[in-house]
Amino acid sequence: DHRTMAAPRQLWSPPPDFAEQTAMHRFLTGHGFDDYESAWRWSVEDVGRFWQAVADWFDVRWERTPDAPLRSRAMPGAEWFPGGRLSYAEHVFRDRDPGATAIHHASETRAPGAWTWGELERATARIRAGLVARGVGEGDRVCAYLPNIPETVAAFLATASLGAIWSSAAPEFGARSVIDRFEQIEPKVLLAVDGYVYGGKRFDRSAQVEEIHAAVGGDLVRLGYLDGGGWEDDFLGPEDAPLTFRATAFDHPLWILFSSGTTGLPKAIVHGQGGILLEHLKQLSLHADARPGDRMMWFTTTGWMMWNYLVGALLAGAEIVLYDGSPAGETLWDLAEEVGVTIFGTSPAWIDVQRKAGARPRAGRDLAIRAVGSTGSPLSPEGFEWVYEQLGPDIWLFSVSGGTDVCTAFVGGVPTLPVHAGEIQARALGCKVEARGGELVIEEPMPSMPVGFWSDPDGSAYRAAYFDVFPGIWHHGDFVEITDRGSLVISGRSDATINRGGVRMG
């Protein structure tokens, strides 16, 4: 199902010195490959060995070494790294310089600033102690109605360090849609913000918080963000609280993400600690080329999987840039200059708005951006052209596509390949993406495929969601064309998300 398509205009090709500095180049040559295509083929034909190679390359720390990388290749039901035990959060903090910057943050609600690794570790340890005091242990759910700020990252890492399960929703979500999510998973603790500022307007969320708490239960812990008060009294543990990491089984839940819930309740998608750790090490280091010294920003809220993906850049040793507020006008370009953003992530919709508004990001600004990432929907050829016109010919623009379901991109950026207008560069390593009748399918398992859906003990809802169209093959619901050059064009959703009585209607 591959098309011979005339190549659209080539907008960029990696200069040799650029390509050679990438982790992708080192990984490929380190495994004996001089071209991406043959490495990709190996990664999907020998999936178990490939993912073992990823674990070895990034020196994954096992508390207990697994018996094998992959016991069964069945989909659904692949058994990854059986017997292995590890901690996602431990890998985030591993070998960090306490004095180096980990997080930059800016918002409409409070003054911009930065946290060092030492500050992030201290905040994480104190929140962890607060959660333990409220009875949180392995397997308990901690739900967060919090914005994209450093405290939220620390609360997530504290939750993960305990082997507890994280889930977050953005404060602009109405009470009903938060209840539809969190009620399903019965939190032990609910962390909630008092309000925020967006587009210059103040939004008090205390009434919504009361309504959510009354419906979902658990201990309510407030964070004074609008009033500047910080965590409520007596929540945080002592300044010198230790940060330790509880290792869990490879497929022990790390977080629960929710589908948009266009039909019925949002699906509660459970991802495992180990699967996300391996996928995000691979994805952020190799495909997004995030590395120490980088400052990576992706405009997102805590209600979208791109927040979880952005946090994954910490695994690569990059600094992350959090922004909470309206992206209108040239705000994000100003922030990119101020912080020195090197990897600038956004959506096609935002690029389109900028293009139509005649934005000129480089006018009067000294930008350090070397790469631009785009996801959320297909980026048009005009969008590609605009980025190169405005940011210059040396930018690497990577358009990516994936989903909440796998919390990653299965097609996207490869810093050692050229960029053509309107095309996604390639299929990601370890992702056997093919086109069947124009439909995007995944023919081999990936470690970050869901462990399952919450409260779906027999797995029937999970199977119906992805495996009812092509038995044993993941059906994603996107239309895709794969060119004979290995690049891809995604033209949108194939399922149109109308689901009457379980029957998909395009």
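User: Which residue follows α13, and what is its phi?
Analyst: This is a predicted model, so local features need pLDDT of at least 70 and side-chain atom pairs pLDDT 80 or more, while totals for chains, interfaces and linings use all residues. Numbering starts from 1 along each chain as its sequence is written, and side-chain values use heavy atoms, without hydrogens or water. Helices (DSSP H or I, at least four residues) and strands (E, at least two) are runs numbered from the N terminus. After α13 comes Gly358, with a positive phi near 70°.

User: What is the bridge partner of Gly345 in β21?
Analyst: β20 (343-346) and β21 (371-374) run parallel and are joined by four bridges. Two strands pair if DSSP finds at least two bridges between them. The partner of Gly345 is Gly373.

User: Which are the edge strands of the seven-stranded sheet?
Analyst: The sheet is open, with mixed pairing and the order β7-β6-β19-β18-β20-β21-β22. An edge strand here pairs on one side only. The two edges are β7 (113-116) and β22 (396-399).

User: At what angle does α14 run to β22?
Analyst: α14 covers residues 381-391 and lies across β21 and β22. Axes are lines fitted to C-alpha atoms, for helices over the stretch in contact, and angles run from 0 to 180 degrees between N-to-C directions. The angle to β22 is about 155°.

User: Is Lys282 buried or exposed?
Analyst: Lys282 is found in α10. Leaving out residues up to four places away in sequence, it touches Phe50, Trp51, Val54, Phe58, His287, Ala428, Leu429 and Cys431. Its relative accessibility is 0%, so Lys282 counts as buried.

User: On which side of α2 do its buried residues lie, and over what arc?
Analyst: In α2 (23-30), Ala23, Met24, Phe27 and Leu28 are buried. They share the same side of α2 because their arc is only 130°.

User: How are α3 and α4 oriented to each other?
Analyst: Their axes are 5 Å apart and meet at an angle of about 110°. Angles under 35 degrees count as roughly parallel, over 145 as roughly antiparallel, 65 to 115 as roughly perpendicular and the rest as oblique. Therefore α3 and α4 are roughly perpendicular.

User: Which residues of α4 meet α3?
Analyst: Trp42, Ser43, Val44 and Glu45 supply the α3 side. The α4 side is Val47, Arg49, Phe50 and Ala53.

User: Which residue in the β27-β28 turn has a positive phi?
Analyst: β27 (433-436) and β28 (439-442) pair in the antiparallel sense over four bridges. Arg436 stands opposite Glu439. The hairpin has two residues between its strands, and the one with a positive phi, about 60°, is Gly437.

Terms used: Buried means under 20% relative accessible area, exposed over 50%, partly exposed in between (1.4 Å probe, protein chains only). The arc is that of the directions from the helix axis to the C-beta atoms. Contact means heavy atoms within 4.5 Å.
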